[in-house]
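Visitor: I am new to this structure and would like to learn how to read its strands, sheets and helices. Could you take me through them with care?

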Amino acid sequence: MCGIVGYIGRREAAPLLLESLRKLEYRGYDSAGIAVLNSGKVAIRRCEGKLGNLEEILARSSLPGTIGIGHTRWATHGRPSETNAHPHRAGDIVVVHNGIIENYLELKEQLSRLGSRFESETDTEIVAHLVDAKLSNGADFLTAVRHSLKEIQGSYALVFLNQRDPERLIVAKNSTPIVVGWGEGETFIASDIPALLDYTRKVTFLEDGEVGEVTAKGLRVLNGKGKAVQRAVKEITGDAVAAQKGGYRHFMLKEIHEQPRALTDTFRGRISLKEGDVSLEGVPLARIHVVACGTAWHAALVGKFMLEEIAGIPAEVDYGSEFRYRSPLIDSRSLLLPISQSGETADTLAAVELGRKRKAKVVSICNVVDSSLARKSDGVFYTRAGPEISVASTKAFSTQLAALYLFAIGLGRLTGRLQRSEAKRLTEDLLCLPHQVEEALKLEGDLEALSRELSSATDFLYLGRGINYPIALEGALKLKEISYIHAEGYPAGEMKHGPIALIDERMPVVVLLPKDRYFQKTLGNLKEVESRGGKVIAVTDQADGAIDAAAYRVLTVPRASYFLTPIVLAIPLQLLADEIAVHRGTDVDQPRNLAKSVTVE
Ligand code: F6R
């Protein structure tokens, strides 16, 4: 995680770096810092906590100079503190880092024996010491960095500033993204494109193992052997991040409300109602492996139902972090289907590497255009959710489900399992979805009082069955990540095998109970909870006296088709989590300990 930036040119670096960091704060907000070189001296300002704190420091004590680097941190090694905040310095070398140096303890010991003294608990500081030691032994800046990288194991995007060299910054990449933006007589560096879009649309992505020499004139790229390589300059199209709350109290709520539009955008232009087709070509059909993390993994679990039932293709679902370390049966007949909002999640990317090694075809479902995942894939099915700023994922989730649905229909047509008329009916169902979501959003007003009442609970259970079981997992995840209340999602049919012991009158239990093929079974589970004193909040799509009789509260959403019901049921769960978090006074958009992009494993 962590966001890193750099600038060299003619403008004042500090305000520009601060502005770019603001676009990367989703990557971490445990601490922030900036270093600027001016008249042969590097000055650093760092602080614990969010960027606002750094901004205040800079307002009191500015940093003049036109070359600098910056960082916003998600702590991996060393607790969040000013001392552990980047940039880190050793002698003339100052560095910012995103990633993990795995052999840092070993290197730290070696360097300590040679006399280095360390201030922080971070893995990053040793990199500054390594490079500085090589400079002191007479190496030039670029060589010192290149030789230091040979000693480092792990993942990194690094930007180095040398107090004795005002003409260049050196960048390096391995398994963690870095992009260089080309300006007129100025050059920009960032972890991610949105941080550059206010300044330039011409960018170059570095590849793993490469080192770049960045001057005000641009970028020179060297491969691992030190040979100059040509890297394309890419023109970024599309809108800059519209990071405005638009009258909502926070981004999460805005993004929840954007779902009707996001869903429409995701299917617009991709379906032919006349033909009932979603076009997909050249995709292997033997077996699908879906890999993802967190909320995207929940989408993958729903996707399994769609891919198997609609397309008739066996689908396995894995966490990226598990897939990468087992020996999945995957080969050139397999389709690897990674799902990721950011396209930068380290474990998902590692799963893709593994899939590629085994010759699988990779088609990803991703929200961020030109992200690392998009660039590593043979094909990308973009969700068109728009920028998702809130750490807790909402509109990315629903659009991932819509994308999976479209994908399953396309595959169903390819396999011949779906008749044209059936595919046409499924695509028509999709057209009704934005309105159904809009109607579900109207529950917001009803949730105020209920959320206030539930906000003092210490534990929640969420129950669902079949295609809606992953929605129970997602509801629980939303609640725990933004309200810090312990919550578990469970398949309703598993209650009797243990969790029912938890039920008492203090336990709110959210039961997903659409009128689907499982209705009677889940209703039975609801009654079992109720008869043990549990406070049932039932979420259904059709009024029913039996639910009213047993539930403490009933939330009714519009009735959608079987495969699209998960999207509609997720809406009140997102709203409930949001309202409860507001009552508990947490930071909804930037919950503690989390970051929007998990770029380390
Ligand atoms: C939860 C959440 C995370 C992400 C996960 C994967 O609200 O946002 O669980 O879903 O970190 O992130 P992406 O989709 O960017 O790969």
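**Reading strands and helices**

Guide: Strands here are DSSP runs of E of at least two residues, helices are runs of H or I of at least four residues, and both are numbered from the N terminus. This is a predicted model, in which local features need pLDDT of at least 70, side-chain atom pairs count only at pLDDT 80 or more, and totals for chains, interfaces and linings use all residues. Residues are numbered from 1 along each chain as its sequence is written, and side-chain values use heavy atoms, with hydrogens and water left out.

Visitor: How many bridges join strand 1 to strand 10, and which residue of strand 4 is the bridge partner of Gly6?

Guide: Two strands count as paired if DSSP finds at least two bridges between them. Strand 1 and strand 10 (residues 187–190) run antiparallel and are joined by four bridges. Strand 1 also pairs with strand 4 (residues 67–73) in the antiparallel sense, over six bridges, and there Ile69 is the partner of Gly6.

Visitor: Which residues point one way from strand 1, and which the other way?

Guide: In a regular strand the side chains alternate between the two faces of the sheet. In strand 1, Gly3, Val5 and Tyr7 point one way, while Ile4, Gly6 and Ile8 point the other way, and all are buried, where buried means under 20% relative accessible area, exposed over 50% and partly exposed in between, with a 1.4 Å probe and protein chains only. Because six of the six residues of strand 1 (residues 3–8) are buried, this strand is largely enclosed by the rest of the structure.

Visitor: In what order do the five strands of the open sheet with parallel pairing lie?

Guide: The order is 24-23-25-26-27. At the edges are strand 24 (486–491) and strand 27 (553–556), each of which pairs on one side only, and the twist from one strand to the next averages 20 degrees. Within this sheet, strand 25 (residues 508–512) pairs with strand 26 (residues 535–540) in the parallel sense over five bridges; Val509 stands opposite Val536, and Val510 has Ile537 as its bridge partner. Since five of the six residues of strand 26 are buried, that strand is largely enclosed by the rest of the structure.

Visitor: At what angle do helix 7 and helix 12 pack?

Guide: An angle is taken between N-to-C directions, from 0 to 180 degrees, using axes fitted to C-alpha atoms, for helices over the stretch in contact. Helix 7 (residues 259–267) and helix 12 (residues 395–415) pack at about 30 degrees, with their axes 9 Å apart. That makes helix 7 roughly parallel to helix 12, since angles under 35 degrees count as roughly parallel, over 145 as roughly antiparallel, 65 to 115 as roughly perpendicular and the rest as oblique. The contact (heavy atoms within 4.5 Å) is made by residues including Leu263 and Phe267 of helix 7 and Ala402 and Leu406 of helix 12.
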